[in-house]
Amino acid sequence: MRTTTTRCLHRPVAVAGLEVIACAACGTVEWHGAVRALDPVEGMAALFGRFLLVGRLPAVRAPGSEVLMYRAPRRKERANLNAFPANVWLQVDTSLWLSHDGEHLLLVPTTPLLMENLTT
Ligand SMILES: [Zn+2]
């Protein structure tokens, strides 16, 4: 968990049966289910488990070396992106960063193991 700032706005947003807190100021992401907090793996699976890997880009303004680009299987799932501020890198957990451009989900794994898991 990173340090909050005076610009922080930790407001829960309801999406796909969950509540997500995603703060552009400090990069924090939190996930809450109906009865308990979810870990990042559960939260990511619930919102983006059916997204399709469509490209790999060099990371220019991103925290890792390579950006994985995903698209939603349907318009309905694409709306899940709107729970997060666009064009900002958010830290999902110690080894994964997330962003989006309104159309594509962008993930940057910062460990070789997670990169391998997401791409094979
Ligand atoms: Zn914050």
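User: Over how many bridges do β2 and β3 pair in the antiparallel sense?

Analyst: This is a predicted model, in which local features need pLDDT of at least 70 and side-chain atom pairs count only at pLDDT 80 or more, while totals for chains, interfaces and linings use all residues. Residues are numbered from 1 along each chain as its sequence is written. Strands here are DSSP runs of E with at least two residues, helices are runs of H or I with at least four, and both are numbered from the N terminus, while two strands pair if DSSP finds at least two bridges between them. Glu19 stands opposite His32 in β3, and the antiparallel pairing of β2 with β3 runs over four bridges.

User: Which strands stand at the edges of the open sheet, each with a single partner strand?

Analyst: The open sheet is formed by four strands in the order β1-β2-β3-β4, with antiparallel pairing. One side of each edge strand is left without a neighbour in the sheet, because each has a single partner, and these strands are β1 (13–15) and β4 (37–38).

User: Is Leu96 buried or exposed?

Analyst: Leu96 belongs to strand β8, which spans residues 96–100. A residue is buried if 20 or more other C-beta atoms, placed from the backbone, lie within 10 Å of its own, exposed if 12 or fewer do, and partly exposed in between. Because Leu96 has 22 C-beta neighbours inside 10 Å, Leu96 counts as buried.

User: How far apart in space are Leu96 and Pro40, C-alpha to C-alpha?

Analyst: Pro40 is among the contacts of Leu96 beyond four places in sequence, a contact being two C-beta atoms, placed from the backbone, within 7 Å. Although Leu96 and Pro40 are 56 residues apart in sequence, their C-alpha separation in space is 9.4 Å.
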